[in-house]
Amino acid sequence: MSETMDVIDEKVNGGPPMEVDEVVSVRDQGAFAAKHMPDLGHEVKEFQVHTWHLTNWKKLEKKITSSEFECGGHRWRILLFPFGNSNAPPNDTVSVYLDYADPKRAPEGWHACAQFALVISNPHDPTIYTVSHAHHRFIAEECDWGFTRFSELRKLFSIQDGHHRPTIEDEAADVSVFVRVLEDPTGVLWHNFVNYDSKKETGYVGLKNQGATCYMNSLLQSLYCTRYFRKAVYQIPTEDDLPTESVPLALQRVFYHLQTSDQPVGTTELTKSFGWKSLDSFLQHDVQEFNRVLQDKLEIKMKGTKAEGAIAKLFVGKMKSFIKCVNVDFESSRIEEFNDIQLNVKGMKNLYESFKDYVAVEMLDGENKYQAEGYGLQDAKKGIIFETFPPVLHLQLKRFEYDIQRDAMVKINDRHEFPFEIDLDEFLDETVDRSQPWVYKLHGVLVHSGDLHGGHYFALIKPDRETRWLKFDDDRVTPVTDREVLEENYGGEVLNGLVPPMQRNQVRSMKRFTNAYMLVYIRESAIDEVLAPFKEEDTPAHLKRRLDEERLQIEAKKREREEQHLYLTAKVITDDTFSEYEGFDLATFDERNWPASELPTFRVLKNETYSTFKSRVAQHFNYPESQIRLWVLVNRQNKTVRPDTHIPENEPALTVEVIRNNMAVRQQNDLRLYLDVLADPNKPEVPPGSIMIFLKHFDTSKQTLCGVGKVHVQRSSKVSDLVPIINERMRWTPGTPLKLYEEIKPGMIELMKPKMTFTQSEIQDGDIICFQVDISDKEIHDLESQGLHSNPTQFYDFLQNRVMISFRAKYEESDQDHSEFNLVLSKKQNYDTMSQKVGERLRHDPIKLRFTTTHATNGSPKSILKRSLNPSVAEIISPTYVSPQTTVILYEKLDVSIVELETKRSLKVIWTGIHNKEESTHPFLLPKTSMVHDLADHLAKQVKLTPGGTGKIRVFEVSKDGKTQKEFTGSEMIGNIPDPVELYAEEIPREELEADDADKVISVFHFSKEVSRTHGVPFRFVVKPGEKFSETKKRLQARIGVSDKDFAKYRFALIQVATFKQPSYIEDEDTIYDHKFAPEDVLGLDHLDKSGKTRTGAGEKAIVIRG
């Protein structure tokens, strides 16, 4: 019993002390339960109390159980260890548990959710007791739950403070259990989710989370459950696409797997098809931006297919923005389409109020009259009315907003309610078709839990009218209650901040950080079409075929993996592979910087006999069995791999595994063999005393090294005896002079002495001799002056140091053919040789190439190589700890010499002229030692200055918040300006240059509605004493050169950065000179951004989906 016991140690006597501890009797069951069993917010199926009277405590057995009782359709009993369970020190504690009686008879898969309090009380005075409470999901593996250290025995036997008798008196006590069996409508209350099967429980599966993509997962599940959308995605033709390059195919595959798999589905293919490398996926973009980009992408792919128009049909509505004059008959309006609606949460009680706020009419009067064409300034109403809502309505709740005081984005966790059903009729224009009601039903709730800097996303979705609400939380799908859909995601205070006194330890009174940020509603009249049942033919046959084939391949691979221990791999070197091979030994197996040779490979059962294996090999290479012998290659001590002995033919029972274990010394898992084809099968044995030598030819003219087969020679013959044999084999003139080298090991290639015998030269079976035609000193000199190799020793040295480097364009190139290629270089070569070879390949001047190294892990740019240091290739590719076989280097084709670039700085300056307008961009390449005033002089020659103006140029950066200029003095060195930098320059107006001491020069910037939404470029402006703002405005208009019509729409505000006040808008009568300007105070021009270059504080990265 003690082994299976699950233990909770809670404080004796339940929760914390109460403020007023009113005395309650154990026999007053209702009051006792109310005091000691907090309301957990679940419906109670049945409540029972069972009391067990015990006497002669000290004579009780070590483990006893009470009689059984029924509660909530289950049978229970109390399990008591009067002197403690063996998990606790013996004889000094009492252990007591609620035990599920006879779990073996319960139906398979049973569970019961119970909240309970266990009590030991005085039989004569039921107000003296010790109590502990808990709750638990009882299942077959955990069928008892309670307290191993319920109380110390001595405390129960002695009188405690405030009482006049002990709990156990005269060795008698009552042991009671108060049980509430709770309803579990979802079947997963307090589930530990060990071995939980989403598919079995809900019919749906989850998506794996690959880093910070759970907002993507919740949106994908929502789109997947919008069945009309899924059908449309399936209609995009993708037969010829690749999943990692085509967003539609990757999405179809995710949807198909969600439909058919019984395991959570991965999304890496999909994010790859977006062109997201791992890093981007982690930049938590917001779901709305992601949704729009994804749908735009799909819409493009749907053009001209059966699915064309599906996205607009489902998600696009229309709204009308209008301005209507009150006193004259004039209205200006425009109709815009929307994919989603962004609603305010702050200050709004519920969704209805948010809609009311969205269509609220603003009065344009007083200072803020509307300039109506042909009627001058007029009082007017400004607002928005909806022309139509789409069948599937995506509502974004604005839970994140910019807080000026903190100068940061913050999350709004205020309570905001939303209903299962909402009628949107009143927000539509009168002219709209109302033949069907505009009633919308809640279909999905996308939830964010946490704060601004992360947290977790999940989705609650009701897939159709019949299915219950489900929670899609990454890889798990569970049923949920209505309360979990609505109440728990409204946000705001828990239980309105009122926590019953006894429950202070249960629920912390705090703002809830878990709340809805996007809602999906479906128009009731469209539900049957949007969520129509999915039919077999809705899934494209080609997708089904392709994925079924893949599944079979995966299963076969899995089987192969599971059976791998029964097999080994045999690799066979032949005379053909040897003749095409260039390198050490007869083949490359596991060299660090070079890929392994591609050799004929056999997967062989370890217990296969050699005779069976040999006949397979003979058949494969088309030889009679009698004409071949197989030699085993061994790893020699000097790190070379050479044939050692041939496998004996006269042992039929020899297995492949025995051959590997006994003959292949110091070898890896695979068996490496050489196929020896006999010239005369009738004479299989070679003459006694002969050895097998492999020959390689180094061709100086072609600069190649290749195998030319093998020869058998007598150990006692001289090395020079090889010369006529080689000349005959190469069909050279007899007597052609040769030089012979022994390939001992990498780095040891030695010239052989022709007069010595093979025995004296220590040549054995499997050794390699390399030959070249002897050449004159002049030929040697000519070769070496061209940087070529004149003998095998030099060439082997090149082989030993060769590396494959992959060159890739740093930025996308129009010339796609050349954008990526590989070159073989020696580690001993240097930067200049590398740039020369890349230049030849790209047909580009090597001095105008710039190279950047990359991170081995993800291929992103690391650092620019400096030509001036002329590093060796070894230094360029060096410290890679994850030594990949090829290093990637990025190149850029430049218009200027890299020599210049290493001493110069390349800069772009945006010219805003005299009227503060972005007119043009000017690139410069200047020595790093130039000053900013030199840059201004160069700029002056390229731009048009005002005739009769000051002729002076100011160079500046824009502050991070976009409100002020950061001016350069002119004497800064441009090499010291930090990178990256955005430089601006403007002509200094005469008014500013001639301002006298009484004038104030202030900063002015542009914004649109919210102060944080700055745009354009800030500028300087002179404020004069005593000047009314109506006059100041005229000078401002001249300064920025804006038409009367546009300027009439401008509003002007003083922004006090230091005090975080809301902007105060300026009236014509004000004199802004009188404001006491702090250094950071600025004048803001509030008008529409027409530049298209918004600066929203610290730049968030925009989402880009490629495929």
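Reader: Which handedness does the crossing of α5 and α6 have?

Author: This is a predicted model, where local features need pLDDT of at least 70, side-chain atom pairs count only at pLDDT 80 or more, and totals for chains, interfaces and linings use all residues. Residues are numbered from 1 along each chain as its sequence is written, and side-chain values use heavy atoms, without hydrogens and water. A crossing is left-handed if the near helix is turned anticlockwise from the far one by less than a right angle, right-handed if clockwise. For α5 and α6 the crossing is left-handed.

Reader: How are α5 and α6 oriented to each other?

Author: Helices are DSSP runs of H or I, at least four residues; strands are E, at least two. Helix α5 (227-234) and helix α6 (247-260) have axes 9 Å apart and pack at about 130°. Axes are lines fitted to C-alpha atoms, for helices over the stretch in contact, and angles run from 0 to 180 degrees between N-to-C directions. Under 35 degrees is roughly parallel, over 145 roughly antiparallel, 65 to 115 roughly perpendicular and the rest oblique, so α5 and α6 are oblique.

Reader: Which strands are at the edges of the open sheet?

Author: Five strands run in the order β28-β27-β31-β29-β30, with mixed pairing. Two strands pair if DSSP finds at least two bridges between them. Each edge strand pairs on one side only: β28 (601-605) and β30 (641-646).

Reader: Which residue in β28 stands opposite threonine 569?

Author: β27 (567-573) pairs with β28 over five bridges, in the antiparallel sense. Opposite threonine 569 stands arginine 603.
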